[in-house]
Amino acid sequence: MARIFAPARTRSNVAVFTFIAMWGCALSITRYSIPEEMEEGSFVANLATDLGLDVRSLVQRSAKLDVIHSKNYLDINKETGELIIRERIDRESICTTKTTSCFLKMDVILENPIRIFNIELEIMDINDNAPVFRRKTMPLDISEATPPGERFSLTNAVDADVGANSIKTYYLSESEYFVIDIQTGSDGSKYVDLVLSGNLDREEHSVHNLILTAVDGGVPPRSGTANIIINVLDINDNAPLFSQPVFAVNMSENTAAGTVVLKLNASDLDEGTNAQLIYSYTLYTSEKTQELFSLDPDSGEIRVKGVIDYEEIQSFEMHIQAQDRGANPLSGHCKVMVFITDVNDNYPEVTVKSLKSALTEDVSVGALIAVVTVSDRDSGANGEVELTLSQQRTLPFVLNKSSEGYFELLLSKPLDREVISKYEIILRVTDKGSPPLCENETITLDILDVNDNAPMFSQSFYTIHVVENNVPGALLTSLSALDPDLNENQYLVYFIMEKEIVNTSMSMLFSINPENGDLYALKTFDYEREREFLFHIEARDSGVPPLSSNVTVHIIILDQNDNTPLIVSPWRARGSLIEEVIPRSTDKGHLVTKVIAIDADSEQNARVTYQLLQITDSSLFSLDQYNGEIRTTRMFSYRDPRQQRLVIVAKDNGQPALSATVTIKISTVEHVRSFSETTELPLEYDLFTDLNLYLVIGLGAVSFLLLITILVIIVLKCQKPKPKVLKMPPANRNSVISRNSMISQRSSTIADSTLISSDAYWYSLFLAETRKGKVVMRQPIIPKGAGYFVSSIPRSIGPRQRRVAERNEMHMVLEGGCGGMGAVEPLAVLPRLAVGCERVWKR
C-alpha cells in the first residue's frame, strides 16, 4: 500500500492514493485523500491510469460508481477517465464524531467481464468552522465580600473542526478584578475558569461586563466570543446619611391637616434591604409635637396632624433618625425646626336683604334688586373689607354704597330673556389682610318672558320640487318656524294665505298642519298642465298681542315619464297595417318611408329613438335611430321576396322607458313611372278627361269638408273657457327647431312642415295617373285625437309660389321622397311636430 499527496482543487490536487490490483473478480482497493469543501467539478484522480484501464473501455464496459452508505459526491468522466467532484463535501456532516480520520467508501464497477474496484476517499479537515459558545451570555452574581482567588466555572466553546483546527486557547478582555485560567482535558479539549484577582466594591462598580474569546489553531485562525455579565452583590457596609444635620421650616397657623411640612430623604449607598430606610422620632421629641405632626416611616414625610395655633405655640423641635433594614442595621440622625407664622384667619361676612328673585325682561333701568351688608371680626387692616360684583363688566347690574357697611344692588342695563334667562350674581367681599381673605355670596335672579319676538322661519323663500302623479295627501316638507319666547308666547299656528289660481283657491290644492307646519298636497299634479305654484304661509304666535311672520313657498312640478310615444307618421287607422310600395330597381340609400313619433313629456322623457324590432331581411333596410328614416341598404335582387315586413319600436328616454310600435309592409313592383327633373308635362291638354274630372270633384268635396270642419272647431273654441297657457321654455322650443333643422339637413327630399292650427290635419299624397301624365292631389285625413295641423306648403307664399311649391312636391313624390319635420309653433305646451311619409300609389 502506498500514499501519494497532491494539492487540492486542480488536476494536481490529488493528495494520496494507494493502488492494489486484483484481476478477474479479485478485489482492487485504491485510496485517495482530498480536503473538504472542494468546488464542484474539481479533479480528484485519473481512475483509468490508476486502475490500468483503457479510457475507451469505460464507455464500452459501462463503468459506474457505486457509493456505499453515502451520497453520490463523486462522478466519473468516461471520456477522460477522471474522478471529479460532483457536489461539495462537508466533512462535519459526513463524520459527525470528533475523529481525526473520515472516509467515503465506494465501488467502481465494470461489466463484460465484471470487475469491481474498491475506492476509499479520505476527507481531510480544513478550518471552515469558527468556535461557538453554547451560551452567548453568561451572568454571574458575586458578593462584594468575596475574597480574591475565588474561581468560577465558565461555559466552554466548541469547534466542529478537529486536530489543529479545533480550539487552541481563550482570551479575556482587560479587567483589574478578573483573570482566566485555561485547563486542558484528557481528550485535548480546552476549558476555562474565571478567577477573582481583586477586592470588589459594589458602591464603586456594581456591574462588570467582560468578553471571553475562543481561538482555534487553523491558518488563518477563527474565533468566537461570549459576554460575561458579573453583578456584584451588596453587603451592609454603609450607614444612612441625611443631606444636612438641621432642617428649618416656616409654616402658617391653621394649616390644613394632611399638609406636608417637610419630606426627609436620607441616602444609603447600599442596595436592597441594606438601603431600605425606616424613619422615626427619637426620645428627644416631645409628645405634643408628635400629636400635631405625623412622620411617615417609609417615605419620611412630615405632615400636619392637628390644629396649629400661633397664639398657643410659635415653634416645634423634632429629632428624627433613619435606620436601614440590614442584618446589622445602621442609622443616621437629624433635627427639624418648625417655625409658625401668624395669618389673617378670620373671613369677612356678607348678608343679603330685601332680595327680588325674579324680574320681567321689560323692567326699567335703575330698579332695586337687593340690599347687601358686609362685616369682619378682625381688627385693623385685617378687619377692613371691600365689596365687589364679580364679572361686573358683563352683568347688567351695579353696586351703590348707601351707608357704612350697606350696599344697594341696582339694574344698570335693559334685560333680554331670549339672550340670558337666568343670572348668577356673585358678591365678593375681601379684607385687607396679608394675605387677604374673601367670601362669596351668590344671588340667583330669574328673568320672566314677555311677547317681544315674532316667529322666524329658517329661510325667507322655500323651493319645493314635486314629481307629477304624486299621491294626494303626501307630505311635501315641514316649514317650522322658531319663536324664542316662552309658553303661550312661543306656541305657533300655521296657515296658508289665501290666493286663487285659475279660479282655484290654494287651500284646495295644499294643506298645512297648523301645529307643526307640515305641508301636504291635496291633489295629484300633472306636469303637462301645471308647472309651478307660488303662495305664502304665515306663522303666528299665541301671545297678547300676537306676532306673526310669513314665508314664500315655490312649488315646482317635475316631469315624470308617464306618456307613451305616439306614432304620427306614417298615419294609420287604429290597429291597421301600413303598406308602402317601392320599385325593385330602387338604388341603395333610397328613402322608403319615415317613422315619426311624438311624446307629451319633456326633456329626456320626450326624447324618442327608433329601433327595428322585427325585419324580414336585415340586409335590405336600415333605420336611423334618431330621425326614423327607413332607407335601402342595397339594391333588390331576384331572390328577394316581393313583400317585406318591418316592426319598428319608438322608445323614449325615460326611466323606465315607454314605447310604441308600428308595422310596415313594403311591397316591391317592377316599374314606377317618374317625371324627369328637367321635364314638365303640360296639364293643359286633355284636361277634362274622366279621371281628371273625378279628381277635381274629389278635391272640391275635400276642400268643402275642410272648411266646414274649421268653422265647427272655431265655434267650439269660442264656447269653451280659455285655459291658462303655460309657455314652453325657450330651451324646449329651440331643441325642437334644432332637431327639425337637423332632420331637414339629413335629407334634401324632405319638405318643411308648419303648424298652423291647434287641430292637426295630416296630408297624405296619392298619385293619379291620367292618360297623358300624372297629377299630385292632396287628400285631408283627420286622425282621431290629432292635435296638430300640418301643411307641407309654407303659409306665407302667394298663389304663384304655391303652384311652384306644389310642382316641387310632385317632383319629390315621383322620386320616392317622404315628408319631413318643419318648424313647430306651440299653442300651449307642444312637444314636437312630425310629418308622415307621403304615399305613392300606382294606378
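**Tyr-170 faces Ala-214, which lies in strand β16.** This view belongs to a predicted model, in which local features require pLDDT of at least 70 and side-chain atom pairs count only at pLDDT 80 or more, while totals for chains, interfaces and linings use all residues. Numbering starts from 1 along each chain as its sequence is written, and side-chain values rest on heavy atoms, with hydrogens and water left out. Strand β13 (residues 167-172) runs antiparallel to β16, and five bridges link the two; strands are said to pair if DSSP finds at least two bridges between them. Helices (H or I, at least four residues) and strands (E, at least two) are DSSP runs, numbered from the N terminus.

**Strand β16 also pairs with strand β17 (residues 223-233).** The pairing is antiparallel and has nine bridges. Ala-214 has Gly-224 as its bridge partner in β17. Six residues lie between β16 and β17, and the two strands form a hairpin. How many of the ten residues of β16 are buried? Seven are buried, so β16 (residues 207-216) is largely enclosed by the rest of the structure. Here, buried means under 20% relative accessible area, exposed means over 50%, and partly exposed is in between (1.4 Å probe, protein chains only).

**Strand β24 (residues 331-341) pairs with β18 and with β23.** Strand β18 (residues 246-252) runs parallel to β24, and seven bridges join them. Within this pairing, Val-246 has Lys-335 of β24 as its bridge partner. By contrast, strand β23 (residues 315-324) and β24 pair in the antiparallel sense, over nine bridges. His-333 in β24 is the residue that Gln-321 stands opposite. A hairpin with six residues between its strands is formed by β23 and β24.

**A salt bridge links Arg-31 and Glu-120.** The closest N and O atoms of this pair are 2.6 Å apart; a salt bridge is a side-chain nitrogen of Lys or Arg within 4 Å of a carboxyl oxygen of Asp or Glu. Arg-31 belongs to strand β2 (residues 28-35) and Glu-120 to strand β8 (residues 115-124), so the pair ties together parts that are 89 residues apart in sequence. Glu-120 has a relative accessible area of 18% and is therefore buried.

**Further salt bridges join Glu-301 to Arg-303 and Arg-417 to Glu-418.** In the pair of Glu-301 and Arg-303, the closest N and O atoms are 2.7 Å apart. Glu-301 is buried at 17% relative accessibility, whereas Arg-303 is partly exposed at 30%. For Arg-417 and Glu-418 the corresponding separation is 3.2 Å. Arg-417 is buried at 7% relative accessibility, and Glu-418 is partly exposed at 21%. The whole structure contains 20 salt bridges.

**Asn-605 occupies the loop between β47 (596-598) and β48 (608-615).** Is Asn-605 buried or exposed? Its relative accessible area is 13%, so Asn-605 is buried. Leaving aside residues up to four places away in sequence, Asn-605 touches Asp-559, Gln-560, Asn-561, Asp-599, Asp-652, Asn-653, Gly-654 and Gln-655. Contact means heavy atoms within 4.5 Å.

**Residues 693-716 are 100% helix and 0% strand.** An unreviewed UniProt entry carries the annotation "transmembrane region" for residues 12-34 and 693-716; UniProt positions follow the numbering used here, feature names are shortened, and annotations may be inferred rather than shown by experiment. Ile-710 lies in helix α6 (residues 690-719) and is partly exposed, with a relative accessible area of 35%. A nonpolar surface patch of about 820 Å² includes Ile-710, with Phe-704, Leu-705 and Leu-711 among its other members. Patches consist of residues with over 30% relative accessible area and no salt bridge: like charges are joined within 9 Å, and nonpolar side chains (Val, Leu, Ile, Met, Phe, Trp, Tyr) within 5 Å. Accessible areas come from the Shrake-Rupley method with a 1.4 Å probe; for residues, only the protein chains shown count as cover.
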